[in-house]
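Hi everyone, thanks for making time this morning. Let me put the structure up, and then we can walk through it together.

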Amino acid sequence: MHSPTEADACAEELRAALASHGITLPSLGVNLPTFAARCPTRPLIALGNCNLLTAQALTAALRKGAV
């Protein structure tokens with residue numbers, strides 16, 4: 001089972017990686033209800049909503065990285 005600390009670190013690493021491409025997802029964070037489940041589960045990272053320009057920047061960064 002993953003710890004809340006590990007999930008927070010993962011979210012921060014993702015935030016930093018996105019920032020290096022000029023991308024900010026304001027809602028990015030750990031989905032806290034996944035820690036309240038009765039059965040142990042893997043925590044979810046909530047990416048949240050973003051506007052059209054952010055989605056286009058994310059798409060471009062992913063495509064560039066795939067080359």
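Let's start with the cysteines: how many disulfides are there, if a disulfide is a pair of cysteine sulfur atoms within 2.5 Å? By this rule, the count is zero. As a reminder, a disulfide is a covalent bond between the sulfur atoms of two cysteines. C10 is in no disulfide, and the nearest cysteine sulfur, that of C50, is 18 Å away. That is too far for a bond.

Before I go on, a word on where this comes from. This is a predicted model, where local features need pLDDT of at least 70 and side-chain atom pairs count only at pLDDT 80 or more, while totals for chains, interfaces and linings use all residues. Residues are numbered from 1 along each chain as its sequence is written, and side-chain values use heavy atoms, with hydrogens and water left out.

How accessible are those cysteines? I'll call a residue buried under 20% relative accessible area, exposed over 50%, and partly exposed in between, with a 1.4 Å probe and protein chains only. C10 is partly exposed at 41%, and C50 is partly exposed at 37%.

Now the overall layout. The protein has two helices and two strands, and from the N terminus they run α-β-β-α. These are DSSP runs numbered from the N terminus: H or I of at least four residues for helices, E of at least two for strands. The C-alpha trace spans about 40 × 20 × 15 Å along its principal axes. The radius of gyration is 14 Å, whereas a compact globule of 67 residues would have one near 11 Å; that is taken over C-alpha atoms, and the globule rule is 2.2 Å times the number of residues to the power 0.38. Of the 67 residues, 18% count as buried.

Next, helix α1. Seen down the axis, the buried residues of α1 fall within an arc of 40°, so they line one face of the helix. That arc is of the directions from the helix axis to the C-beta atoms. Which residues are they? A7, A11 and L18 are the buried ones, while T5 and E13 are exposed on the other side. The buried residues pack against β1 (29-31), β2 (44-46) and α2 (52-66).

In soluble globular proteins, nonpolar side chains tend to be buried together. Here the largest nonpolar core has eight residues: A7, A11, L18, I23, L25, L28, V30 and A61. By nonpolar core I mean buried Ala, Val, Leu, Ile, Met, Phe, Trp, Tyr and Cys residues joined through side-chain atoms within 4.5 Å. Helix α1 (residues 4-19) gives the most to this core, with three residues. Leaving aside neighbours within four places in sequence, L18 is in contact (heavy atoms within 4.5 Å) with I23, L25, L28 and L58.

T54 sits in helix α2 and counts as buried at 17% relative accessibility. Not counting residues up to four places away in sequence, T54 touches I23, T24 and L25. G48 lies in the loop between β2 and α2 and is partly exposed at 48%. The C-alpha atoms of G48 and S27 are separated by 4.8 Å, although these residues are 21 apart along the chain.

How values were computed: Disulfide = S-S within 2.5 Å.
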